[in-house]
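Thanks for asking me to look this over. Here are a few notes to read alongside the structure.

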Amino acid sequence: MHIVIMGCGRVGSMLARGLEKRGHSVAVVDANEEAFHRLGDDFQGTRVKGVGFDREVLERAGIRQADGFAAVSSGDNSNILAARVVSECYRVENVVARIYDQGRAAVYERLGINTVATVRWTVGQVMRRLLPEGSEPVWRDPSGNVHLLQVFVNNEWVGRRIRDLSAAARAPIPFLVRVGKGIVPDAETVFQDGDMIYVACNTDHTSDIETLFAEPPGRHAAPPARH
């Protein structure tokens with residue numbers, strides 16, 4: 001995957017190095033050329049000097065081939081503007097914006113822009129939103145036998161009830177996150193676009209769950225709920 005990152009501060013540089021270690025192609029955009037020193041001499045990705053919402057700058061960073069974009073500069077307005085340009089003009093699906101104001105973060109999430117507010121920010125949270133091709137364990141028991149997974153779900157599952165997703169996975173889904181808020185689903189809760197589910201499972205069942213939800217529902221899956 002090719003990922004473009006706007007902002008080469010402590011957050012952006014850590015994210016860039018982490019993504020590169022995972023084998024991804026990375027381009028980092030920053031208006032301050034000196035900021036690129038944070039990447040280290042061994043960074044093999046692209047460094048682009050400029051403003052991250054400038055289309056010419058974005059194209060030099062390879063935005064047309066990008067699979068994900070993270071706006072993690074120090075300015076809320078710049079991050080949101082860049083995220084909207086990338087999402088609306090280049091149709092990049094995996095777009096994340098770092099927002100200091102939690103109230104504004106919730107508003108932009110309702111507009112379809114993934115946001116991470118500073119008070120709950122970690123590199124891992126941004127990376128999970130940029131690389132939704134599998135799952136990330138958010139908790140494991142001391143023996144390593146049980147995991148709580150944050151799982152990417154293919155959009156074609158939208159409209160199915162959480163109980164149907166749980167039945168397909170043969171594992172409980174104790175809660176989900178919707179527009180930045182946790183929800184404990186009941187029998188009638190319907191999976192919506194943008195929801196992030198959490199699955200409790202045995203460790204040896206992890207790959208099966210990843211494969212199941214990365215693909216559209218099978219022929220025998222329950223149909224979407226009717227309202």
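1. Where does Leu81 lie? Leu81 is part of helix α3, residues 76-89; helices are DSSP runs of H or I with at least four residues, strands are E runs of at least two, and both are numbered from the N terminus. Please keep in mind that this is a predicted model, in which local features need pLDDT of at least 70 and side-chain atom pairs count only at pLDDT 80 or more, while totals for chains, interfaces and linings use all residues. Residues are numbered from 1 along each chain as its sequence is written, and side-chain values use heavy atoms, with hydrogens and water left out.

2. Leu81 is partly exposed, at 40% relative accessible area (buried means under 20%, exposed over 50%, partly exposed in between; 1.4 Å probe, protein chains only).

3. Helix α6 (residues 162-169) has Ile162, Leu165, Ser166 and Ala169 as its buried residues. Viewed down the axis of α6, these fall within an arc of 100° (taken from the directions from the helix axis to the C-beta atoms), so they line one face of the helix.

4. Just after α6, Arg170 has a positive phi of about 55°.
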